[in-house]
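I opened the model today to look up its sheet, its salt bridges and its surface. My notes follow in the order I made them.

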Amino acid sequence: MNILGVADEDAHWLRKAFGRGVLWLLFLGPFFFLTYGFANQHAAQIDTASGVGSLVFGWERHVPLWPWTIIPYWSIDLLYGFAFLCCRNKAATNRLALRLLSAQLICVACFFLWPLRFTFDRPAVEGIFGALFNALTSFDLPYNQAPSLHIVLLVIIWRQFAAFAATRTVRGLIHAWALLIGLSVLTTWQHHFIDIPTGFAVGLLCLWLWPEEGKTPLKKAAVRRPALALRYFIGAALFFAGAIGLGGLGLFLCWPALSLALVAFNYAWAGAAGFQKQNGRCSLAAKWLFAPYTLGAWINSRLWTRSYPDPSLVGDGLWLGRLPTAREFAAWAKQRGGKAALFDLTAELPAPRLPAGAAYTGMPCLDLVPVPVSSRPDGNLLEAMQQLLILKRAHPGCEIWVACALGVSRSASVVAAWLCSTPESAACIEDAVKQVRLARPHAVIGQNSIACLEEFREGFYRNERQIAE
């Protein structure tokens, strides 16, 4: 075994990735020093001419100076290069490089738009630690503060090493050292506290831009809703204004502001893929970036459905309901004798942990948007029918809980589409919608959704006739 817990016979891809990683480093290294140094000099000129502000909490004056933490602080430079050895293939190497490049571009832009200065005077440090401090101050000025580029790079590199490590012991060591590096930005008196959460946010943003699974949110989706995006953007602006107006701890309102701004971006551009939900779980970056919105969406779903929390049987083994909790689904599955499956249409909420033996299929769709007929790779009615058919064939006799946030719109359209595709259940759109509304009176299937159902049914039977011929 090698030091990261990967079998030697499986490490041949390290050599393949090494060459590409070196090429990226030959570009990223000079790019880092040029842009970082340029931003420092720019802030210094502004400071000389009119002064550069700072953002410091009173309690920060009690943060101790621990000279020995300059070692973990410096270590990120070494880990920056070694991170490329954790790339398993060409795509992983490029992904890491793009994350690091994005980090540099975003941070330098912030340094230019919002220059800040570190305000504490560090006392003299002697010995080996003093030499390391002197080496640092030889090229680093007390600017380039928020977001802390050190923290941004830490998030990216920590994620790379933690995902690569094969053993729990190694992952524990990685987490511990990452914690030391994060702490060191304060205990070396290099950054103020505000630089840390902003750094984490930008680091997560870089992970989100270049995910391990699925497409990048920079790619335009087929299903987009600019009008809804504007509403979320206005909400983000209000939270941001509140953060600036309140100041102090009120600055943490920037988190929901960022979350709503990213939701707006999803509706305007990235689509459901922007929530990065795969197999019921969101990516690490999406989980934290969208956390305020996710919490609000979950509370909203519980409030709206508090009078009808249980799923409703529509027919053909399909139940229509809100996205259940793990306990709710386990109780329902037990009543079905364990033959149960969950078909999850939410993009914004994580799926519950299912009991052993239960099946799960997900097709993330945007909330408040009619499920389209066909818009791959986004969720659509044709794909939903295929997923349901696969579920029924793989688990004969099972009952399927079709869920969205409230269980009244996205899931209702999919169940109606299934009824339309089985003539023995419903002969026409009107009958299918009526059957759904009879089982779940709160179902909302608007005219746009009905138009999609009509288009779906026409296309479905056209395909059936072509296959028969």
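Entry 1, terms. I count two strands as paired if DSSP finds at least two bridges between them. Helices (H or I, at least four residues) and strands (E, at least two) are DSSP runs, numbered from the N terminus. The model is predicted, with pLDDT of at least 70 needed for local features and 80 or more for side-chain atom pairs, while totals for chains, interfaces and linings use all residues. Residues are numbered from 1 along each chain as its sequence is written, and side-chain values use heavy atoms, with hydrogens and water left out.

Entry 2, the sheet. I looked up S5 (residues 340–346) and S7 (residues 399–404) and found them paired in the parallel sense over 5 bridges. Ala340 has Glu399 in S7 as its bridge partner. Both strands belong to an open sheet of 5 strands with mixed pairing, in the order S3-S4-S7-S5-S6. S3 (312–315) and S6 (359–365) each have a single partner strand, so one side of each is left without a neighbour in the sheet. Neighbouring strands are turned by 25 degrees against each other on average, direction ignored; axes here are lines fitted to C-alpha atoms, for helices over the stretch in contact, and angles run from 0 to 180 degrees between N-to-C directions.

Entry 3, strand S4. S3 and S4 run antiparallel and are joined by 3 bridges, with Leu313 partnered by Trp319 in S4. The hairpin of S3 and S4 has 2 residues between the strands, and Asp316 there takes a positive phi near 60 degrees. S4 and S7 run parallel over 5 bridges, and Leu318 stands opposite Ile400 in S7. I found 5 of the 5 residues of S4 buried (buried is under 20% relative accessible area, exposed over 50%, partly exposed in between, with a 1.4 Å probe and protein chains only).

How many salt bridges does a search of the whole structure find? I got 8, taking a side-chain nitrogen of Lys or Arg within 4 Å of a carboxyl oxygen of Asp or Glu. One of them joins Arg117 and Asp47, with the closest N and O atoms 2.7 Å apart. Arg117 lies in the loop between H3 and H4 (127–137) and Asp47 in H1, so the pair ties together parts that are 70 residues apart in sequence.

I then checked Glu212. Arg99 meets Glu212 at 3.2 Å, N to O; Arg99 is in H3 and Glu212 in the loop between H7 and H8, 113 residues apart. Arg159 also forms a salt bridge with Glu212, at 3.5 Å. Arg159 lies in H5 (residues 149–164), so this pair ties together parts that are 53 residues apart in sequence. Shared partners join Arg99, Arg159 and Glu212 into one network. Arg99 is buried at 1% relative accessibility, whereas Glu212 is partly exposed at 36% and Arg159 is partly exposed at 26%.

I placed Arg224 in the loop between H7 (195–209) and H8 (226–246). Leaving out residues up to four places away in sequence, Arg224 touches Tyr267, Ala268 and Trp269. Arg224 counts as partly exposed at 29% relative accessibility.

Note on methods:
Contact means heavy atoms within 4.5 Å.
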